[in-house]
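Open the structure in your viewer and keep the selection tool at hand. Each stop below says what to select and what is there.

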Amino acid sequence: MKRLNMAMLVLVALSSSCSSDPHEIVVGAVYPTAGGQGMGGIEEFRGVQLAADLVNQDGGVDGRPIRLALEPADSFDGAPGAVERAVDAGASVVVGSYGSTISAPAAETASRLDTVFWETGAVGEVGRGAAPGTRFFRAVGAGESLGQAAVEFIRDQRLPGSAGREARYSVTYVDDAYGGAVALGAQSEIEESGLTLAGTFPYELDSVDYLGLVEDIRRARTDVLVVVAYLIDGVNLRRALVSEDVPLLATIGTSSSYCHPEFGRLLGEDALGLFASDKPDAGYVDPTKLTPEAGSALRWARNEYRRRHNEEMSAAALSGFGSAWGLFRHVLPRARDLSSDAVADAARSVRLPVGALPSGSGLQFAPPGNARAGENVNAISVIWEWVSVNTRAIVWPPSLATSPIVPISI
């Protein structure tokens, strides 16, 4: 405890020091801190702060302390300015961003300013303007992989055999960068594995007609529904499906909705039997199954997060911690200097197996020119299930499962 207190005193002194101190490594942090994604952004940034604190406690990067320069970006149009302010503040690299609608413009702005953008949580697609694999690196799994994993799980685990193969699959999604990326992965997996795609149903967040959407899903004779939504629209759609008594064999959502604790609190019994493809919370990752260094970091982070914030680490907080720890502990020390080319070269050189990050993931990026350029091919995801009222559990993969799959009728 004395060591932690001393570390906190050092960090307070560093945070109040001159921003132009050449001894510091300034890292820009672009996250939403208000609005619909504000809480998640704050939690993810808290994880990033813990990663910086832990690395600083252990001597920093080659003796140089990390100082985070937080620049809030609460919307799509606020992201470019936030990145510009971070770079103006001397940031050598920018981390972010929790929200996919923020990630794309933030990453493209960083690339335009010749700065590496390190994505710690958002899963949506970014365009070529972000320079994937040279200026953009995503430490977590991409949205496309979450959609793919959702379909694979239902087909192979929830409805194995002929039931899964003969079922009719539909995908409904919020029509933005996040929704489109996850839906593309789900749709591709459906088509490439020879399943029947009954329909795809995009919707606009500010004008969705839930009863009309439910009628479209029913009319398509949907057996398995993949839902890519945010919290409130995900809850409203589920309520509409229940009220209209739409018969489904299985429903699976993804990050930002079906896996969120508030989703279960709002729906109660109507959430039972629903699945979610997403990242794990810190409390569900067994430190003994990680490398000794990553396991030690996770134990420290869980205890410290609870001490500072009086709550357990969420998936967003763990994502921020694990992703940033990978950058601060394994990438920056390899860089010959803090130029964008040097940081990018270091990122591409890292080869960490699954379990070498506190989040349970590993770290290895697909190279430029690859279809997955800049994506972490060693990122992990899990499948959650709402197994009882207000209770969710990881049911897949077996190495992380905290409960068997519960065959609840939906």
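Start at D341, which counts as partly exposed because its relative accessibility is 44%. The cut-offs are these: buried means under 20% relative accessible area, exposed over 50%, and partly exposed in between, with a 1.4 Å probe and protein chains only. Before going on, note that this is a predicted model, in which local features need pLDDT of at least 70, side-chain atom pairs count only at pLDDT 80 or more, and totals for chains, interfaces and linings use all residues. Residues are numbered from 1 along each chain as its sequence is written, and side-chain values use heavy atoms, with hydrogens and water left out.

**Stop 1: salt bridges**

Helices (H or I, at least four residues) and strands (E, at least two) are DSSP runs, numbered from the N terminus. A salt bridge here is a side-chain nitrogen of Lys or Arg within 4 Å of a carboxyl oxygen of Asp or Glu. R135 is buried, because its relative accessible area is 10%.

How many salt bridges does the rule give? The count comes to 22. Side chains of opposite charge can pair when their charged atoms come close.

Select R155 and E189 next. Their side chains meet in a salt bridge at 2.8 Å, N to O. This pair also links distant parts of the chain: R155 is in helix α5, E189 is in helix α7 (residues 177–192), and they are 34 residues apart. Are these two residues buried or exposed? Both R155 and E189 are buried.

Now go to R306 and E312. Their closest N and O atoms are 2.8 Å apart, in another salt bridge. R306 is partly exposed, with a relative accessible area of 34%. E312 is partly exposed too, at 48% relative accessibility. Then select D53, E304, R307 and R308: salt bridges that share partners join them into one network.

**Stop 2: a charged patch**

Select E125, E144, E191 and E192. Together they form a negative surface patch. Patches are made of residues with over 30% relative accessible area and no salt bridge; like charges are joined within 9 Å, nonpolar side chains (Val, Leu, Ile, Met, Phe, Trp, Tyr) within 5 Å. Accessible areas come from the Shrake-Rupley method with a 1.4 Å probe; for residues, only the protein chains shown count as cover. Lys and Arg count as positive and Asp and Glu as negative, while His and the chain ends are not counted. The place of a charge is NZ of Lys, CZ of Arg, CG of Asp or CD of Glu. Zoom in on E144. This residue lies in helix α5 (residues 143–158). E144 is partly exposed, because its relative accessible area is 38%.

**Stop 3**

Select strand β8 (residues 224–228). This strand is mostly covered, with 5 of its 5 residues buried. Which way do the side chains point? V224, V226 and V228 point one way, L225 and V227 the other, and all are buried.

β6 and β8 pair in the parallel sense over 5 bridges. Two strands pair if DSSP finds at least two bridges between them. Look for Y169, which stands opposite V224 in β8. In β6, 6 of the 7 residues are buried, so this strand is largely enclosed by the rest of the structure.

β8 and β9 pair in the parallel sense over 4 bridges. The bridge partner of V224 in β9 is A250.

β6 and β7 pair in the parallel sense over 7 bridges. R168 stands opposite T196 in β7.

**Stop 4: strands β3 and β4**

Select β3 and β4. They pair in the parallel sense over 4 bridges. The bridge partner of G96 in β4 is E119. Both faces of β4 are covered: V116 and W118 on one side, F117 and E119 on the other, are all buried.

Finish on V95, in strand β3 (residues 93–96). V95 counts as buried because its relative accessibility is 0%.
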